[in-house]
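Let's take a walk through this structure together, from single residues out to the contact between chains. Keep the viewer open as you read.

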Amino acid sequence: MDFTDPPEVGQLRERVRGFLGERWPRHYRRYAMNDTVSRDLQAPEVTLEGVDRAEIQGFIRDLGAAGLLGYGIPVSAGGRGGGPLERYAVESELAAAGAPYPSIALGTVAPTLVWLDVPELQRRFIPEIVNDGVEFALGYTEPNAGSDLGALRTRAELAGDRYVIDGQKVFSSAIHYAKYYWLAARTNPVAPTRSAISLFILPSDTPGIEVTPLFTMSGIRTNIVFLDGVEVPAANLVGTQDDGWRAIGHALAHERYTAMMAAPLSAAVDACAEHLADRLDEPAVAAALVRMEADCRAARLIGQHAAWTAAQGRPITAEASAAKVLVTELRYRVSRTILDLLGADAVLAEGDAAAPAEGQFERMYRHAPITLFTAGANAIQRDLVAEAGLGLPRAR
Amino acid sequence: MMSLEFSAEQRLLRQVVREYAEAELAPRYRERDRNSQFPRDAWRKLAGLGITGLAVSEECGGSAGGGSSYVSIGIVAEELARCDHSASYFMLIVPIVGELLDRHGSEAVRKQWLAPFISGDALVGLGLTEPAGGSDAGSLRMRATATSDGYRVTGEKSGVTMTMDLDAMIIFARTRREDQDTGITAFLVPMDAPGVARGRIEDMGARSIGRGIVAFDDVAIPADNRIGAEGDGLRGVLKGFDCTRVILALMSIGAALKSVEETIDYARTRTSFGRPIGANQGVQFPIAEHYSKLDMARLYCYHTLALRDAGHPHTREAAACKWLGPELAAAAIHDCMILHGHYGWTTELPLELRLRDVIGTEIADGTPQIAKAVVARELIGRDIVRLDGTVA
């Protein structure tokens with residue numbers, strides 16, 4: 001059994017670390033545990049004290065220019081080549097440092113365009129992602145279609161050379177700053193779910209798209225999106241009409257082990273240990289830190305194993321779902337344990353001079369819940385592990 | 001025989017407070033959190049209902065003495081917390097400040113501060129914690145030096161609940177008289193006394209109530225404002241914690257049970273895969289587990305308050321309520337939030353707000369670690385368990 005990276009993957013990790021060392025300021029790494037910079041700061045209305053937005057945007061572009069985006073995407077499709085292990089290595093290094101990258105574009109859009117073998121769309125969109133770090137927003141969930149995504153009602157009707165889309169989406173978290181919208185809509189009103197849904201790519205500023213903000217416990221913004229007579233060229237249909245369901249499932253499985261990384265958790269545990277440096281001789285403190293560190297290491301191996309399984313070309317539904325459950329529940333446990341360890345000051349928020357780690361632990365706790373239901377609620381993930389991994393009877 | 005039923009009067013009290021809280025507090029819970037807006041109207045309303053004097057003797061204008069005051073205080077705390085957890089913080093000062101001023105206040109203090117406290121015209125808080133010591137109350141550093149007509153106090157109090165809206169506060173300081181240390185003494189200090197300055201702390205939750213820091217720079221305090229005998233300050237307040245620790249637990253449990261009720265409604269009405277999500281055991285079991293635990297903890301809290309009403313010892317029970325109640329409540333609200341999916345995490349629903357608020361009750365009046373140490377001390381013995389970590 002060999003848990004080390006193959007040499008070329010190890011070298012790639014070193015390259016990413018080298019780039020981060022030069023281009024990613026150390027003081028931004030304190031945000032690693034919260035995705036604060038990697039997610040929020042791309043949105044125009046968010047500002048963080050001491051964080052330069054132009055610097056963040058420049059970093060993403062430089063990441064592309066340095067050739068570090070697009071691993072796992074074949075060169076023939078506009079990517080950098082390599083496979084799931086390379087992609088996992090790059091993204092886990094970026095995540096560990098809290099550095100921003102277009103996670104939806106790289107994790108969902110580009111791999112799906114490759115998997116569906118749609119050269120025209122690959123030519124149009126993958127170079128922008130790989131070279132410029134252009135981001136997409138996901139448009140799956142609706143008010144009455146979350147875990148039960150097949151119940152979505154947004155309609156797309158073909159009218160000549162374009163589709164006209166009407167409906168409502170919710171929790172489209174990145175649409176207020178992403179360039180494109182990756183949208184699922186019903187193209188067949190009577191067929192069963194699996195042959196009724198299609199995927200589209202729309203510029204986010206297409207007329208008829210109305211975005212309403214929805215704020216969350218961590219302060220991160222998500223959105224409600226109303227689509228009223230939105231016209232999209234038929235050429236922006238992804239793959240074949242009515243065949244979007246397979247692609248959604250495929251992309252979600254990959255998102256579950258790449259978007260939910262354990263690496264930022266280790267960063268949080270390290271920061272906590274640093275903060276409690278003068279209390280490390282307390283048995284309860286030491287035991288909690290060791291337990292968290294051990295759990296984080298195990299979670300990283302599980303994520304890496306899912307990437308390795310994907311690299312072997314094996315099905316990863318159960319692997320990815322298991323990794324998602326383990327990492328996200330660990331994230332909540334770690335955030336909660338850190339609050340306990342810090343004592344009364346733990347509840348001091350960003351902006352209070354006495355807040356430990358400038359309030360990042362407090363915010364980590366408020367941010368942790370999202371991962372328990374995003375990319376498929378953990379209850380659904382457990383069903384998938386039971387069905388796809390263990391062969392148990394279907395639960396729904 | 002053992003009766004676990006509330007009296008007719010208590011049931012009526014619960015109903016009246018619930019109606020008020022649902023109509024007046026719940027609709028503005030979110031807004032007050034967002035704007036850090038203090039619910040002063042709720043304090044006046046509690047006074048109008050006779051609740052602010054529940055721990056004060058009849059001679060001093062209150063209604064204590066019927067043998068069920070503390071259970072009643074618990075009922076009000078639970079009901080307020082269901083609709084606005086922050087507003088339920090008033091039920092922490094009702095017993096502790098009411099008792100201290102009633103039993104240990106001078107005639108002048110009772111007249112000037114206890115009467116308006118009961119009538120809802122004055123808000124009096126408590127300042128024990130200092131920047132250098134929270135859980136370890138005995139380590140406080142604030143100094144009060146005796147003068148010819150009173151004391152002069154210098155020092156700082158932190159983590160003071162309702163800081164920015166208090167009219168006066170009871171503080172605890174180390175007293176010195178003729179160069180002799182005379183122990184820890186309690187004083188009432190009006191917030192507009194020269195030399196008093198206050199500032200707000202930015203917290204995760206309880207933002208409408210707020211906490212803060214109060215600095216005392218050589219503040220002159222008349223002798224009449226001493227609460228109790230010199231050197232006898234901690235005894236009263238530590239006994240008061242045996243009450244507030246239970247109230248904190250009931251506050252958190254009230255907020256959690258309300259969340260469970262909302263989750264039950266959601267489980268019945270939200271459909272997925274063609275049926276209510278409540279048809280799934282993955283949804284049923286967390287609801288059943290949290291309800292079972294919370295309901296047991298709730299009964300234990302009322303049992304403890306009934307012990308206090310009857311004048312029986314209850315330090316161990318109060319500390320047990322304190323660590324277990326908020327912990328169960330936070331876990332329940334967290335799961336309720338997750339069962340609501342992404343909606344639960346948004347600021348459109350009160351679940352995330354309750355969770356942020358309830359975490360404050362886990363820490364207040366002694367962290368879980370301190371509460372467990374108190375339980376252990378009561379069980380294993382003071383000769384072996386020392387709260388300061390020293391070996392007996």
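## A buried glutamate in a loop

E142(A) counts as buried, because its relative accessibility is 5% and buried means under 20%. This is a predicted model, so the numbers here and below are computed from its atoms. The residue sits in the loop of chain A that runs between β1 (136–139) and β2 (155–159).

What does the side chain of E142(A) make a polar contact with? Its partner is the side chain of K169(A), at 2.9 Å. If you set aside neighbours within four places in sequence, E142(A) is in contact with L152(A), R153(A) and T154(A), with Q168(A), K169(A) and V170(A), and also with Y343(B) from the other chain.

## Where chain B meets chain A

That last contact leads on to the interface. Here 29 residues of chain B are in contact with 38 residues of chain A. The size of an interface is often given as the accessible area lost when the parts come together. For chain B and chain A the buried area is about 2,900 Å², with 67% of it on carbon and sulfur atoms.

Ten residue pairs are in polar contact between chain B and chain A, counting pairs with both residues at pLDDT 80 or more. The salt bridge count between the two chains is one: E362(B) pairs with R336(A), and their closest N and O atoms are 2.6 Å apart. On the side of chain B that touches chain A, the elements giving two or more residues are β6 (196–201), α9 (315–339), α10 (342–345) and α11 (351–363) of chain B. Of these, α11(B) gives the most, with six residues. By type, the residues on this side of chain B are eleven nonpolar, eight polar and ten charged.

## Nonpolar cores

Now look inside. The largest nonpolar core has 153 residues, and M91(B), I170(B), F172(B) and F216(B) are those with the most contacts inside it. Which helix gives the most to this core? It is α7 of chain B (residues 233–269), which supplies 17 residues. Another core, of 67 residues, lies apart from it and includes L69(A), L138(A), I165(A) and I209(A).

G325(B) lies in helix α9 of chain B and counts as buried, at 3% relative accessibility. Not counting residues up to four places away in sequence, G325(B) touches A249(B), S252(B), I253(B) and A320(B). Its C-alpha atom is 9.2 Å from that of K293(B), a residue 32 places away along the chain.

In chain A, take a look at helix α12 (residues 378–389). Its buried residues are N378(A), I380(A), Q381(A), D383(A), L384(A), A386(A) and E387(A). They pack against α6 (244–258), α9 (317–342) and α11 (370–373) of chain A. Just after α12(A) comes G391(A), with a positive phi of about 70 degrees.

## Salt bridges within the chains

Over all chains the count comes to 47 salt bridges. One of them joins D5(A) and R13(A), with the closest N and O atoms 2.6 Å apart. D5(A) is partly exposed at 23% relative accessibility, whereas R13(A) is buried at 10%. Another joins D295(A) and R291(A), at 3.2 Å from N to O. Both of these residues lie in helix α8 of chain A (residues 283–311), four residues apart, or about one turn of the helix. An α-helix has 3.6 residues a turn, so residues three or four places apart point the same way. R291(A) is exposed, with a relative accessible area of 53%.

In chain B, D218(B) forms a salt bridge with R152(B), the closest N and O atoms being 3.0 Å apart. This pair links distant parts of the chain: D218(B) is in strand β7 (residues 211–222) and R152(B) in strand β3 (residues 150–161), 66 residues apart. D218(B) is partly exposed, at 39%, and R152(B) is partly exposed too, at 36%. Chain B also holds a network of salt bridges that links R14(B), R18(B), E78(B), E79(B), R82(B), E261(B), D295(B) and R298(B).

Notes:
Residues numbered from 1 in each chain as written. Chains lettered and ligands numbered in written order. Heavy atoms only, no water. Core = buried A, V, L, I, M, F, W, Y, C linked by side-chain atoms within 4.5 Å. Buried < 20%, exposed > 50% of the residue type's maximum accessible area, 1.4 Å probe, protein only. Contact = heavy atoms within 4.5 Å. Buried area = accessible area lost by both parts, 1.4 Å probe. Salt bridge = Lys/Arg side-chain N within 4 Å of Asp/Glu carboxyl O. Polar contact = N/O pair within 3.5 Å; in protein donor to acceptor, adjacent residues only side chain to side chain. Nonpolar A, V, L, I, M, F, W, Y, C, P; charged D, E, K, R; others polar.
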